[in-house]
Amino acid sequence: MRPLLTPPALKPGDRVAVVALSGPPGRQELDLGLAALRSVGLLPEVFPSARAVGPYPYLAADDKVRAEDLARALGQPGYAAVICARGGYGVQRALEVLDWDAVGTPEPRVVVGFSDVTALIEAVRSRLGWASVYGPMVSSVMFRSGVPSFEGLARLLLTPQRCTELVFQDTRVLVPGVAEGVTVGGTASLLATSLATPFSVPARDGILFLEDVGELPYRLDRVLTQLRRTGYLDGVRGILCGTWDECGPLADVEELLADRLGDLGVPVLLGADIGHGVFMQSLPLGVRARLDTAAATLTFLDPPLTPAAPVSAG
């Protein structure tokens, strides 16, 4: 894995692009998330995709509008971050028609989202070389003032020097050990769907994060087996698993994880509070980190964002 560009930390007064690249967010839910951003001094700008419904009810605006919003949010000067409004499905359709020439080679900025946004995080990493944040989205119930998920994200965005480690509760050690590598991954089914595209980021030399939602054990088995068969997992150094919401009984899922991941010869920790169906912690992706299964920690060896330079007196 080549070194990634670490976006600058945000500061009060920074403009934040809010885009909907997947499903359409509810207006009230979106407005509550925008209020949370303003409460920490950020200035959200809602792009057209976040106020529209596309040709299919599961898409926010049509592909062209979503792709144009993404190109402007990533490439136009003046935005410190791009935060997705919600997940669902649609990012890969937008990436298919995105004009990367319109994006250009901008200075790195923070990209935040999870679930379907896995595809965007992979694209930004492979095309622009940026680290990103696997974190809650603006229209989610997690994205509210006073809610731990939002407060943790805000702390990461504004004061990354205070965010050097994630500590997990109620974890299970599948394979014990300590491993170091660059964080990579996301929603497992999205990682499998991105295989053979120009933007797929393999797990080699990485600490791989995996979670998913709504994939019954046999479908999750298919996803993990596809990742194995394609070589995606070759050279992985450690694996951190998050939530498996609506994927069947947890005991069955973890038995499957033991079958599909336990023989890779690397540390594997289950039960991190990152993903669907939980008030998630935000996970920087593209950052060197150390996974310690006994301590149930992920320690960042480099700053997840570049801290703002102190303002000199006088």
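The protein exposes about 12,700 Å², with carbon and sulfur atoms supplying 53% of that area (Shrake-Rupley method, 1.4 Å probe; for residues, only the protein chains shown count as cover). This is a predicted model, so to speak of local features we need pLDDT of at least 70, and side-chain atom pairs count only at pLDDT 80 or more, while totals for chains, interfaces and linings use all residues. Residues are numbered from 1 along each chain as its sequence is written, and side-chain values use heavy atoms, leaving out hydrogens and water.

**Overall build**

- The secondary structure comes to nine helices and 14 strands (DSSP runs numbered from the N terminus: H or I of at least four residues for helices, E of at least two for strands).
- A compact globule of 314 residues would have a radius of gyration near 20 Å, and the 18 Å of this protein agrees (taken over C-alpha atoms; the rule is 2.2 Å times the number of residues to the power 0.38).
- Along its principal axes, the C-alpha trace spans about 55 × 50 × 35 Å.
- Buried residues make up 56% of the 314 (buried is under 20% relative accessible area, exposed over 50%, partly exposed in between, with a 1.4 Å probe and protein chains only).

**Nonpolar cores**

- The largest nonpolar core has 52 residues, of which Leu-120 and Leu-298 touch the most other members (a core is a set of buried Ala, Val, Leu, Ile, Met, Phe, Trp, Tyr and Cys residues joined through side-chain atoms within 4.5 Å).
- Helix H5 (residues 118-128) gives this core its largest share, six residues.
- A second, separate core of 28 residues includes Leu-195, Tyr-232, Leu-256 and Leu-261.

**Helix H9**

- Helix H9 (residues 250-261) has 12 residues and reaches 16 Å from its first C-alpha to its last, close to the 16 Å expected at 1.5 Å a residue (1.5 Å times one less than the number of residues).
- Its buried residues are Val-253, Glu-254, Leu-256, Leu-257, Arg-260 and Leu-261.
- These cover an arc of only 155° around the axis, which puts them on the same side of H9 (the arc is that of directions from the helix axis to the C-beta atoms).
- On the face turned away from that buried side sit the exposed residues Ala-251 and Glu-255.

- Ala-61, in the loop between strand E2 (43-46) and helix H2 (63-75), has a positive phi of about 65°.
- Ala-61 counts as buried at 5% relative accessibility.
- Ser-115, in the loop between strand E4 (110-113) and H5, has a positive phi of about 60°.
- Ser-115 counts as buried at 10% relative accessibility.
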